[in-house]
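Visitor: Please show me the structure, and then I will ask about its parts one at a time.

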Amino acid sequence: VPAGRDRLRIAIQKNGRLAEPARALLASCGMSWRESRDRLFCYGESLPVDLLLVRDDDIPGLIADGVCDLGIVGRNVMAEQDGARRASGAAPAFREWRALGFGDCHLALAIPEGEAWESPAQLAGKRIATSYPALLSEWLAREGVQAEVVLLSGSVEIAPRLGQADAICDLVSSGATLAANQLKPVVTLFESEAVLAGPMQDLDAARGELVELLLRRLDGALRIRN
Ligand code: PRT
Ligand code: ZN
């Protein structure tokens with residue numbers, strides 16, 4: 001679809017924790033869709049608003065590149081990618097438009113249960129496993145601690161038991177995963193929930209009106225929920 005399209009395109013997670021609640025929220029705004037056979041695209045029927053079904057990690061980039069107008073993604077993913085852009089000197093290319101009140105979790109630093117926690121200073125020279133290197137590095141810099149960030153894309157919680165790291169920095173919701181791995185949370189670095197992400201600036205006229213309509217309905221739906 002060429003640029004200058006007059007339909008609105010929203011990226012949401014294809015599978016995973018935010019997939020269903022994101023669709024339910026948009027449906028509660030009066031949207032309905034016809035799904036493509038490959039389940040990558042949903043064509044909006046009640047409104048000219050289409051959905052792109054993707055990995056959550058791709059959502060900020062799709063907005064930055066203008067491929068999608070909006071996205072529903074964890075604030076953690078947005079902040080991590082924003083931090084990585086900032087660290088590389090790139091300009092901010094997306095921002096949080098609305099907090100959506102589901103997908104709550106927090107990014108926590110956790111250490112082995114048997115160890116005492118005094119202060120961040122004790123992490124100096126230690127290895128910390130995480131999938132959130134930018135957010136962790138920002139926090140370490142703020143605390144003035146030099147530690148080694150070990151980047152893992154999954155199974156972060158088992159890194160200490162494997163001798164791969166001394167501590168971890170990972171998302172936590174119930175805390176059951178930490179407990180199952182004999183880890184205890186000691187610091188919360190970041191509070192997260194699902195957000196509506198969009199570009200830094202407002203959208204142009206044609207899609208701007210559609211966004212206004214969508215935001216009005218979204219704000220109504222969020223007021224009823226909360
Ligand atoms: O395939 P794709 O890349 O799209 O999905 P994904 O596997 O990267 O993401 P997914 O579906 O696991 O999570 C999507 C978003 O849900 C995250 O980016 C968060 O914003 C939000 N969310 C909310 C969570 C959790 N709660 C959560 N508990 N994401 C992950 N977890 C994991 C956590 O990493 C840990 O492994 O669940 C485990 C801990 O859960 P508890 O309940 O044991 O503490
Ligand atoms: Zn992901």
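What follows is a set of questions and answers on this predicted model.

Visitor: How many helices and strands are there in the protein?
Guide: The model is predicted. The protein has 226 residues, of which buried residues make up 32%. Its C-alpha trace spans about 55 × 35 × 35 Å along the principal axes. The count in the protein is six helices and twelve strands.

Visitor: Among contacts between residues at least 6 apart in sequence, what percentage join residues at least 24 apart?
Guide: Two residues count as in contact if their C-beta atoms, placed from the backbone, lie within 7 Å. Of such contacts between residues at least 6 apart in sequence, the share that joins residues at least 24 apart is 66%.

Visitor: How is the protein divided, and how many Å apart do the C-alpha centres of the domains lie?
Guide: Domain 1 covers 8-103 + 193-225, and domain 2 covers 105-192. The C-alpha centres of domain 1 and domain 2 are separated by 29 Å.

Visitor: Which element gives the most to the side of domain 1 that touches domain 2?
Guide: Ten residues of domain 1 are in contact with nine residues of domain 2. By class, the domain 1 side has three nonpolar, four polar and three charged residues. Seven residues on that side come from the element that gives the most, α3.

Visitor: In what order do the seven strands of the open sheet lie, and which are the edge strands?
Guide: The seven strands run in the order β2-β3-β4-β1-β5-β12-β6, with mixed pairing. From one strand to the next, the twist averages 30°. Two strands pair on one side only, and these edge strands are β2 (33-35) and β6 (95-99).

Visitor: Which residue in β4 is the bridge partner of Ala11?
Guide: Strand β1 (residues 8-13) is joined to strand β5 (residues 70-74) by two bridges, and the two run parallel. On the β5 side, Ala11 stands opposite Gly71. Strands β1 and β4 also run parallel, joined by six bridges. In β4, the bridge partner of Ala11 is Leu52.

Visitor: Through how many residues does the hairpin join β3 to β4?
Guide: Strand β3 (residues 41-44) runs antiparallel to β4, and two bridges join them. Across this pair, Cys42 stands opposite Leu51 in β4. The hairpin that joins β3 to β4 passes through four residues.

Visitor: At about what angle does helix α6 run to β1?
Guide: Helix α6 (residues 205-225) lies across β1, β4 (49-54) and β6. The angle between α6 and β1 is about 45°.

Visitor: Which are the edge strands of the five-strand open sheet?
Guide: Five strands form this open sheet in the order β9-β8-β10-β7-β11, and the pairing is mixed. The twist here averages 25° from one strand to the next. The strands that pair on one side only are β9 (148-151) and β11 (183-192).

Visitor: Which residue in β10 does Leu109 stand opposite?
Guide: Strand β7 (residues 105-112) pairs with β10 in the antiparallel sense. Five bridges make up this pairing. In β10, the residue opposite Leu109 is Cys169.

Visitor: What angle does the direction of helix α4 make with that of β9?
Guide: Helix α4 (residues 133-143) packs on the sheet and touches β7, β8 (127-130), β9, β10 and β11. Its direction and that of β9 make an angle of about 170°.

Visitor: At what angles does helix α3 run to β5 and to β11?
Guide: Helix α3 (residues 75-87) lies across β5, β6 and β12 (194-198), running at about 100° to β5. The helix α3 also lies across β7, β10 and β11. Its angle to β11 is about 80°.

Visitor: Which element gives the largest share of the shell around ligand 1?
Guide: Ligand 1 is surrounded by 22 residues, the closest being Gly16, Gly74, Cys105, Ser174 and Thr177. Two or more residues come from each of α3, β10 (167-172) and α5 (176-180). The largest share is three residues, and it comes from β10.

Visitor: How many residues of each class does the shell around ligand 1 have?
Guide: The shell draws at least three residues from each of domain 1 and domain 2. By class, its residues are six nonpolar, eleven polar and five charged.

Key:
Residues are numbered from 1 along each chain as its sequence is written. Chains are lettered from A and ligands numbered from 1 in the order in which they are written. This is a predicted model: local features need pLDDT of at least 70, side-chain atom pairs count only at pLDDT 80 or more; totals for chains, interfaces and linings use all residues. Two strands pair if DSSP finds at least two bridges between them. Axes are lines fitted to C-alpha atoms, for helices over the stretch in contact, and angles run from 0 to 180 degrees between N-to-C directions. A residue is near a molecule or strand if its C-beta atom, placed from the backbone, lies within 6 Å of it. Ala, Val, Leu, Ile, Met, Phe, Trp, Tyr, Cys and Pro count as nonpolar, Asp, Glu, Lys and Arg as charged, and the others, Gly among them, as polar. Domain bounds come from an automatic or database domain assignment. A residue is buried if 20 or more other C-beta atoms lie within 10 Å of its own, exposed if 12 or fewer, and partly exposed in between; C-beta atoms are placed from the backbone.
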